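Me: I'm new to protein structures and I'd like to learn how to read one. Could you take me through it a step at a time?

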Amino acid sequence: MYPTKNAGTSKASQAFWRVDDVEAEVAELKTRGVKFEEYDFPGVTMRNSIVTGGGAKTAWFKDSEGNILAISQRL
């Protein structure tokens, strides 16, 4: 990792972490001050900052530089 002037400009997820229980992880991270993104995808419902679809439950958040990161649970 290194500093770059274009950090945080990508509109795509930069990293995903696979977790066993995305709902528990989202709840824990929220208690630590992580703000999860709320997206309005056509035909997709987001509940408690989590999207379920495509065989996974996924939640997105940004790091301090604005990069999009995600945690995901395979179903």
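Reply: Here is a short talk about the sheet, a helix and the salt bridges. Keep in mind that this is a predicted model.

Me: Let's start with the sheet. How do strands hold on to each other?

Reply: Strands of a sheet pair through backbone hydrogen bonds, and they do so either parallel or antiparallel. Here you have an open sheet of 5 strands in the order β1-β5-β4-β3-β2, and its pairing is mixed. β1 and β2 (46-47) are the edge strands, each pairing on one side only.

Me: Which sense does β5 use with β1, and which with β4?

Reply: With strand β1 (residues 13-18), β5 pairs in the parallel sense, over 5 bridges. With β4, the sense is antiparallel, over 7 bridges.

Me: What joins β4 to β5?

Reply: A hairpin, with 5 residues between the strands. Have a look at glycine 66 in that hairpin: its phi is positive, near 95 degrees.

Me: Is β5 largely enclosed or open, and why?

Reply: Count its buried residues, where buried means under 20% relative accessible area. In strand β5 (residues 68-74), 6 of the 7 residues are buried, so the strand is largely enclosed by the rest of the structure.

Me: And where does α1 lie?

Reply: α1 lies across β3 (50-53), β4 and β5. Relative to β5, α1 runs at about 145 degrees.

Me: Now the salt bridges. What's the idea, and how many are there?

Reply: Side chains of opposite charge can pair when their charged atoms come close. This structure holds 2 salt bridges. In one of them, lysine 57 pairs with glutamate 23, and the closest N and O atoms are 3.0 Å apart. That pair links distant parts of the chain, since lysine 57 sits in strand β4 (residues 56-62) and glutamate 23 in helix α1 (residues 22-31), 34 residues apart.

Me: Are those two residues buried or exposed?

Reply: Lysine 57 is buried, at a relative accessible area of 18%. Glutamate 23 is partly exposed, at 41%.

Me: Which side chains meet in the salt bridge at 2.5 Å?

Reply: Those of glutamate 28 and arginine 32, with the 2.5 Å taken N to O. Glutamate 28 has 36% relative accessibility and counts as partly exposed, while arginine 32, at 64%, counts as exposed.

Technical notes:
Residues are numbered from 1 along each chain as its sequence is written. This is a predicted model: local features need pLDDT of at least 70, side-chain atom pairs count only at pLDDT 80 or more; totals for chains, interfaces and linings use all residues. Side-chain values use heavy atoms; hydrogens and water are left out. A salt bridge is a side-chain nitrogen of Lys or Arg within 4 Å of a carboxyl oxygen of Asp or Glu. Helices (H or I, at least four residues) and strands (E, at least two) are DSSP runs, numbered from the N terminus. Buried means under 20% relative accessible area, exposed over 50%, partly exposed in between (1.4 Å probe, protein chains only). Two strands pair if DSSP finds at least two bridges between them. Contact means heavy atoms within 4.5 Å. Axes are lines fitted to C-alpha atoms, for helices over the stretch in contact, and angles run from 0 to 180 degrees between N-to-C directions.
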